[in-house]
Amino acid sequence: MRSALNLASLFGMVLGLPLLSTAAVAVETEPVGEVVPYIRPACISFRNLKTDKPEVFNNCNEPHTIGLAFFNGEEYIRTQVYHVWRKTKRPFKHLGDFVVVDWVKAWTNDGSDDGSKFLSLSAAHVADDEVWHAKNTSPDQYNAFTLKVFYKDWPTAQMVQYVLAPGESAPMVRVNHDTGRVYIEWSRLDPE
């Protein structure tokens with residue numbers, strides 16, 4: 001072992017490399033905390049930032065909940081939560097002169113405004129089934145939600161996730177009218 005260390009030191013001197021040392025180098029270079037790199041999915045981007053109608057674009061194959069942080073110069077204003085469906089863009093109101101994607105999560109119920117009072121569920125009969133529609137009755141805010149759909153013969157609920165623009169209505173799920181039940185698990189209004 002000692003001869004290997006001497007050989008390495010000799011080799012280092014010949015090549016002009018720093019000598020190997022058993023001194024406290026490891027203590028000096030050892031990180032004092034865990035460094036966690038921030039990785040934003042490449043499929044999340046901005047569009048039209050220099051216009052009066054900026055948008056955040058989710059080009060991913062999954063829906064995401066995205067926190068946008070707004071700044072005036074170096075002063076942090078706030079982070080607002082936007083739920084963006086897959087392969088879609090969402091307008092947002094620019095609150096300062098600088099905006100960044102603060103974080104990206106899977107579809108979650110982040111956000112402070114309960115949107116359930118603006119989410120209307122209704123069923124229309126089609127043959128022996130019911131087609132459930134959801135409508136966002138908010139005049140000016142997007143409404144993101146997750147619905148639980150229960151069936152008589154299924155041990156667990158099916159989850160239906162979506163986001164509706166102000167005043168928008170869309171069919172969500174088709175169930176047998178004798179066995180299906182649809183409930184709002186959560187609903188959040190995105191910022192105006």
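How many helices and strands make up the secondary structure of this protein? The count comes to 2 helices and 13 strands. Keep in mind as you look around that this is a predicted model.

Let's start with the overall picture. The protein has 192 residues, and 31% of them are buried. Its accessible surface is about 12,300 Å², with 54% of that belonging to carbon and sulfur atoms. If you take the contacts with a separation of 6 or more, 63% are between residues 24 or more positions apart.

Now for the inside. In soluble globular proteins, nonpolar side chains tend to be buried together. Here, the largest nonpolar core has 14 residues, and the ones touching the most other members are Phe-145, Leu-147, Val-149, Met-172 and Val-173. At least two residues of this core come from each of strands E9 (129–136), E10 (143–150), E11 (158–164) and E12 (169–176). E12 gives the most, with 4 residues.

Zoom in on Val-149 for a moment. Leaving out residues up to four places away in sequence, Val-149 touches Ala-157, Gln-158, Val-160, Val-173, Val-175, Arg-181 and Val-182. There's also a second, separate core, made of 11 residues, with Cys-60, Ile-66, Leu-68 and Val-99 among them.

The largest pocket holds about 150 Å³ of space. It is lined by 13 residues, and Val-81, Ser-112, Asp-113, Leu-189 and Pro-191 are the closest to its centre. Strand E4 (residues 75–84) gives the most to this lining, with 5 residues. By type, the lining splits into 6 polar, 4 charged and 3 nonpolar residues.

Notes: Residues numbered from 1 in each chain as written. Predicted model: local features only at pLDDT ≥ 70, side-chain atom pairs only at ≥ 80, totals over all residues. Heavy atoms only, no water. Core = buried A, V, L, I, M, F, W, Y, C linked by side-chain atoms within 4.5 Å. Buried < 20%, exposed > 50% of the residue type's maximum accessible area, 1.4 Å probe, protein only. Contact = heavy atoms within 4.5 Å. 1 Å grid on protein atoms, 1.4 Å probe; cavity = no way out; pocket = protein on both sides within 12 Å on 5 of 7 lines; lining within 4 Å. Points joined across faces, edges and corners; volume = space filled by probe spheres on them. Nonpolar A, V, L, I, M, F, W, Y, C, P; charged D, E, K, R; others polar. Areas by Shrake-Rupley, 256 points an atom, 1.4 Å probe, with all protein chains shown as cover.
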